[in-house]
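Please look over the sequence and the model below before reading on.

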Amino acid sequence: MKKLAETMRNTKSWSKLLLLVLTYAIIHLLIIFGIIQDFQQITLTTICINIILAVSLNLITGFTGQFSLGHAGFMSIGAYTCALITMRMPTIPGFILGLVAGAVAAAIVGILVGLPTLRLRGDYLAIATLGMSEIIRIVFLNLNITNGAAGLSGIPQFVNWPWLFVFTAGTILLIVNFLKSSHGRACISIREDEIAAEAMGINTTKYKVTAFAIGAFCAGIAGALYASYFFFIKPTTFNFQKSVDVLVMVVLGGMGSVSGSVLAAILLALISTFLQSFSELRMVIYSLILIIIMIFRPQGLMGSKELSLSMLSKLGSKFSFRKGRV
Amino acid sequence: MEQFLQQIINGISLGSIYALVALGYTMVYGIIKLINFAHCDIYMIGAYVGYFCMTFLGIGFVPSLLAAMAVCTVLGVTIEKIAYKPLRNATRIAVLITAIGVSLFLEYGTMFFVKAQVRSYPPLTGLLAETLRLGNISVPMLQVLILAITVILMLLLQFIVNKTKIGKAMRAVSMDQDAAELMGINVDTTISFTFALGSALAGAAGILVGIYYNSINPLMGVLPGLKSFVAAVFGGIGIIPGAMIGGYIIGIVEVLISGYINSMYRDAFVFAILILILILKPAGLLGKNTREKV
């Protein structure tokens, strides 16, 4: 019986690996054969960056229950740090250094901001993080080194599909595995009931700050990828609207569902690309979709469920059954 | 010294506008615990209604003010009925996202109809264009008008909340919604009435900011909205006098910082004050700390 469970787990992890490699290979081939062209590659990049942002914010908001509206601030730290380093060292090691430095800087700021503010609850924390991210934006707007409102342009471009894939898959794996560990369980218990968690001996501050730091670290990576792919950043890119966009992805996908965040990130990027041709009405339609989904499905697309392989195979067998009958 | 007093007077004008908007935030938060992100866009709509009344209909300032307040009241209640009421029992974050959706809808819907360009109010005429001289300090009549209207509206609000039956219902619902319902208070009507009051004040603030700064655009509400919310938190969210005091303090601090330190950093200072007050006294200036019980 035990053996059976083990083989099952083994096949499961193997099939997950296979799925990852397949996803990578298919998209890589599509790019090589020119089916995904430059314009679609922009959407692809946006999707990957959005996935990293949404999944990392989901760790903070969906799993740990700490309502943050400051994700754009962490993203901007990663973006500016990476941009400033790669502009001085325009090589691949320079880019890696910039990316790591950006992520670490974002995580450090996350810890510094998190330590005092995470004592606050609910809406107060949201407002404090919002204030923090606005302060970061205003500082970037006024520093000489970041070139003020005009922003930085001509950032060396290194990011392509393999980089995006490694970091997107890496973020998802990091966060999923964190959530499966005892630390992750502690975070979830804080969401469920902070006082009860504390009574059970969980150091709530420590876990809240940990979740915040991991989330900020990943947002820093997303920012670095953004800076390097779009080779132009300015403070208004990382305004309140950006934080809201990420939060919308998390809530739309379902708080506490990693696969939900991934789905929502893909869906929203596609909607946004699709509506590009109706530029004026784009935001109106986007906001209407948002309101309608929230009224009719307030728990988000996935709720707190995960899209898993067994679910997919169930769906698949249903589908093939139907096909067989036809 | 004169310059300082002049700055304070400017700060009071700006603070009046923040206070009017903050009142709407604080009342709605007090009653349904929602940060109504759409509130700042109601303020923007108020500014546009005032603009259209004064430019195209050519009616005077006071009728335009009343028109802006009326349109905003209807808009606020409609938003509450359509977007927030179905979510009365949903999680708070779902309602918050809906509020953000409504906010985006109002901003970009307005942009779709009136285009993104900045528009300017017609120049003031008559008494309003005069300047009052008090020694070496000059006070434009416009600033006197802003302060006067704000004070009248606040007194009116205090009267409604403290002396009327519906005001009593509002206070009861904000204390305990279920108990209020058991006492025979119609909670839905009370919530709608709260939105109506807050939106009317936001509409008034919108037209005042229009004549004060003389330029409006569809995204004008975002930053003042955030700062008004800061003002509401500063004074103690859910407390009506707190929002008034908070609004004036934030307005004066902002003007002093742009006057004496660096105008580019004024917003950063406002948010820094917010974070400080949240850490030191999360309940706000007038709020009482409550301990959470299991």
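Predicted model: local features only at pLDDT ≥ 70, side-chain atom pairs only at ≥ 80, totals over all residues.

Chain A has 326 residues, of which 45% count as buried, and chain B has 294 residues, of which 50% count as buried. The two chains touch through 34 residues of chain B and 33 residues of chain A.

**Chain A as a whole**

- The secondary structure of chain A is made up of 13 helices and two strands.
- The globule rule gives 20 Å for 326 residues, and the radius of gyration of chain A is also 20 Å, so chain A is as compact as a globular protein of that length.
- Taken along the principal axes, the C-alpha atoms of chain A fill a box of roughly 65 × 60 × 40 Å.
- Among the contacts in chain A with a separation of 6 or more, 81% come from residues 24 or more positions apart.

**Domains of chain A**

- The domain assignment divides chain A into domain 1, covering residues 1-31, and domain 2, covering residues 41-325.
- Eight residues from domain 1 of chain A and four residues from domain 2 of chain A take part in the contact between these domains, and by class the domain 1 side has four nonpolar, two polar and two charged residues.
- The C-alpha centres of domain 1 and domain 2 of chain A are 25 Å apart.

**Chain B as a whole**

- Chain B has 11 helices and four strands in its secondary structure.
- For 294 residues the globule rule gives 19 Å, and the radius of gyration of chain B is 19 Å, so chain B too is as compact as a globular protein of its length.
- The box filled by the C-alpha atoms of chain B, taken along the principal axes, is roughly 60 × 45 × 35 Å.
- Of the contacts in chain B between residues at least 6 apart in sequence, 75% join residues at least 24 apart.

**Where chain B touches chain A**

- The contact takes 34 residues from chain B, and the elements of chain B that give two or more residues to this side are helix H4 (92-114), helix H9 (222-235) and helix H11 (266-280).
- Which of these helices gives the most to the side that touches chain A? It is H4(B), with 12 residues.
- By class, the side of chain B that touches chain A has 28 nonpolar, four polar and two charged residues.

**Helix H1 of chain B**

- Helix H1 of chain B runs over residues 2-32, and at 1.5 Å a residue its 31 residues should span 45 Å, which agrees with the 44 Å between its end C-alpha atoms.
- H1(B) is mostly covered, since 22 of its 31 residues are buried.
- Just after H1(B) comes B:Lys33, which takes a positive phi of about 55°.

**B:Asp41 in helix H2 of chain B**

- B:Asp41 is found in helix H2 of chain B, which covers residues 39-57.
- Is B:Asp41 buried or exposed? It counts as buried, because it has 29 C-beta neighbours inside 10 Å and the cut-off for a buried residue is 20 or more.
- Leaving aside neighbours within four places in sequence, B:Asp41 is in contact with B:Ser103, B:Leu106, B:Glu107 and B:Gly221.
- B:Asp41 and B:Phe105 are 64 residues apart in sequence, while their C-alpha atoms are 9.3 Å apart in space.

**Helix H9 of chain B**

- H9(B) is mostly covered, with 12 of its 14 residues buried, among them B:Pro224, B:Leu226, B:Phe229 and B:Phe234.
- What covers the buried residues of H9(B) includes helix H5 (122-142) of chain A, together with H1, H2, helix H10 (240-260) and H11 of chain B.
- After H9(B) comes B:Gly236, whose phi is positive and near 110°.

**A hairpin in chain B**

- Strand S2 (residues 131-134) and strand S3 (residues 137-140) of chain B run antiparallel and are joined by four bridges, with B:Thr131 having B:Pro140 in S3(B) as its bridge partner.
- S2(B) and S3(B) form a hairpin with two residues between them, and B:Gly135 in the turn has a positive phi of about 65°.

Terms used: Residues numbered from 1 in each chain as written. Chains lettered and ligands numbered in written order. Domains from an automatic or database assignment. Contact = placed C-beta atoms within 7 Å. Nonpolar A, V, L, I, M, F, W, Y, C, P; charged D, E, K, R; others polar. Pairing = 2+ DSSP bridges. Rg over C-alpha atoms; globule rule 2.2 N^0.38 Å. Expected span 1.5 Å × (residues − 1).
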